[in-house]
Amino acid sequence: MTKRALITGITGQDGSYLAEFLLAKGYEVHGIKRRASSFNTQRIDAIYQDPHEPNPQMMLHYGDLTDTSNLTRILRAVEPDEVYNLGAQSHVAVSFEAPEYTADVDAIGTLRMLEAIRFLGLETKTRFYQASTSELYGKVAETPQRETTPFHPRSPYAVAKLYAYWITVNYREAYGLYACNGILFNHESPRRGETFVTRKITRGLANIAQGLEQCLYMGNIDALRDWGHAKDYVRMQWMMLQQDEPEDFVIATGKQYSVREFIRWSAEDLGLTVEFSGEGVEEIATVTAVEGDRAPSVKPGDVIMRIDPKYFRPAEVETLLGDPSRAKAKLGWEPEITAREMCAEMVAEDLATARRHAFLKANGYDLPVSLEN
Ligand code: NDP
Ligand code: GDR
């Protein structure tokens with residue numbers, strides 16, 4: 001029997017990798033996409049299947065996590081074996097700007113999904129995965145963070161995700177639903193949203209290398225994160241739903257680096273050596289050497305990074321480091337791609353895009369590059 005999966009957030013970074021992963025496993029994949037005024041399916045365009053073709057294996061439904069009747073109708077029509085609840089307002093800084101919306105989507109949206117499963121009598125059929133987050137640990141109580149580490153969320157996003165975490169546990173305990181939380185630490189890829197720190201750096205520096213931007217403006221570059229690759233992490237999301245009993249797992253690499261280090265790596269992958277100087281909001285990164293042909297627009301002495309306090313957060317999560325040993329012991333999961341390898345992959349893709357833009361510009365076909373960050 002073909003298994004059927006429903007993914008909320010299929011148009012996002014994780015949703016796109018997970019859809020590919022499940023299709024390769026022979027699943028029929030359904031996804032919820034939001035109505036937007038422009039196309040928002042770029043990440044899944046490569047696997048899109050024309051519904052007019054016979055026997056499509058991937059189908060998209062318009063929907064929104066704020067709309068109970070819509071979610072209930074989709075769940076009734078699909079009757080999925082597995083639900084992956086990845087949809088969210090997922091940007092921590094934006095959650096300070098839009099706290100109520102973030103709570104509605106990330107917290108109550110999760111409740112809406114769980115309640116719809118129960119309302120439709122699907123609780124013995126449908127397994128539920130909740131995209132929980134290392135942001136739950138916030139102001140960390142112990143290092144490294146594991147499944148038993150107490151939570152102390154530090155943003156409206158993290159507080160909303162705390163509700164989602166506990167309502168998932170509650171539906172498991174109260175109604176016997178196969179529901180579990182993956183407590184995932186930061187994971188990135190070339191498909192990462194452009195305003196998250198890693199992608200902002202790889203894309204920004206690639207644009208600078210090709211003369212499309214002048215300088216990268218950053219917030220707290222002392223922040224420490226445990227960065228993995230999204231491809232490794234979606235594999236684990238599926239594994240968690242294949243166990244006999246539902247359980248919650250920390251998914252991380254167990255290694256930690258600073259944002260500053262990630263800037264240094266990205267510059268290195270563009271042939272640039274940088275030196276950091278100055279303190280606090282005065283800190284800058286200056287190019288001291290240029291090697292190869294990847295950054296023709298940059299010369300030694302150029303300042304390619306400055307601090308802009310507008311990127312500081314009202315409450316910051318300074319450090320996160322996960323302990324994935326339970327996932328390894330119980331599920332045999334281990335990350336295969338290191339943060340350094342992932343950075344190189346991201347830079348290579350962003351450089352290729354920046355080169356295309358620079359080529360068009362040089363030949364009179366200027367395509368505007370979005371500088372929103
Ligand atoms: P993205 O921001 O890339 O994707 C979020 C997805 O949610 C998009 O498809 C987006 O649609 C959709 N979405 C946003 N708002 C709504 C809404 N109101 N109704 C329905 N769908 C909505 O996130 P990631 O792929 O990186 O992350 C996936 C999940 O994992 C998120 O829940 C995130 O909070 C969580 N998480 C992520 C981590 C990471 O490091 N990446 C770590 C831990 C947890 P659209 O494309 O239209 O914007
Ligand atoms: P995070 O990711 O908040 O950890 O949430 P993000 O990449 O946005 O920030 C990581 C760290 O970098 C610092 N930082 C900056 N961040 C951004 N976005 N832009 C900047 O200019 C900048 N300068 C420094 C931040 O302050 C922070 O400390 C991500 C999201 O994917 C969540 O959905 C997910 O739950 C967590 O990871 C785990």
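In this predicted model, helix α8 passes helix α10 in a right-handed crossing, where right-handed means that the near helix is turned clockwise from the far one by less than a right angle, and left-handed that it is turned anticlockwise. The protein chain is divided into domain 1 (4-184) and domain 2 (197-224 + 258-314 + 338-363), with bounds that come from an automatic or database domain assignment. The model being predicted, local features need pLDDT of at least 70 and side-chain atom pairs count only at pLDDT 80 or more, whereas totals for chains, interfaces and linings use all residues. Residues are numbered from 1 along each chain as its sequence is written, while chains are lettered from A and ligands numbered from 1 in the order in which they are written.

- The axes of α8 and α10 (residues 339-362) lie 9 Å apart at an angle of about 50 degrees, the axes being lines fitted to C-alpha atoms, for helices over the stretch in contact, with angles from 0 to 180 degrees between N-to-C directions.
- That angle makes α8 oblique to α10, given that angles under 35 degrees count as roughly parallel, over 145 as roughly antiparallel, 65 to 115 as roughly perpendicular and the rest as oblique.
- On the α8 side the contact involves F262, W265, S266 and D269, which meet R340, C343, A344 and V347 of α10, two residues being in contact if their C-beta atoms, placed from the backbone, lie within 7 Å.
- The residues of this contact of α8 with α10 comprise 5 nonpolar, 1 polar and 2 charged, where Ala, Val, Leu, Ile, Met, Phe, Trp, Tyr, Cys and Pro count as nonpolar, Asp, Glu, Lys and Arg as charged, and the others, Gly among them, as polar.
- Helix α8 (residues 259-269) also packs with α6, their axes coming within 10 Å and crossing at roughly 30 degrees, and that makes α6 roughly parallel to α8.
- The crossing of α6 and α8 is right-handed, and its contact is made by V197, T198, I201, T202 and L205 of α6 together with V259, F262, I263, S266 and A267 of α8.
- By class, the contact of α6 with α8 holds 7 nonpolar and 3 polar residues, with no charged ones.

**Helix packing in α4 and α5**

- Helix α4 (residues 99-119) and helix α5 (residues 156-175) have axes 8 Å apart at an angle of about 15 degrees, and α4 and α5 are therefore roughly parallel to each other.
- The crossing in which α4 passes α5 is right-handed, and the α4 residues that meet α5 include P99, T102, A103 and D106, while P156, Y157, A160 and K161 are among those of α5.
- This contact of α4 with α5 divides into 13 nonpolar, 3 polar and 3 charged residues.

**Ligand surroundings**

- Around ligand 1 there are 26 residues, of which G9, G12, G87, A88 and A131 come nearest, a residue being near a molecule or strand if its C-beta atom, placed from the backbone, lies within 6 Å of it.
- Two or more residues of the shell around ligand 1 come from each of α1 (13-24) and β5 (127-133), and α1 gives the largest share, 3 residues.
- The shell around ligand 1 has 8 nonpolar, 15 polar and 3 charged residues.
- Ligand 2 has 23 residues around it, with V92, T133, V197, G219 and A223 coming nearest, and its shell contains 11 nonpolar, 7 polar and 5 charged residues.
- Both α3 (92-97) and α6 (197-209) supply at least two residues of the shell around ligand 2.
- Ligand 2 lies between domain 1 and domain 2, because both give residues to its shell; the centres of the two domains, taken over C-alpha atoms, are separated by 32 Å.

**Backbone features**

- Most residues other than glycine have a negative phi, and most peptide bonds are trans.
- The peptide bond from T143 to P144 is cis, with omega near -5 degrees, and P144 is found in the loop between β5 and α5.
- N55, a residue other than glycine, has a positive phi near 60 degrees and sits in the loop between β2 (28-33) and β3 (58-62), where helices (H or I, at least four residues) and strands (E, at least two) are DSSP runs numbered from the N terminus.
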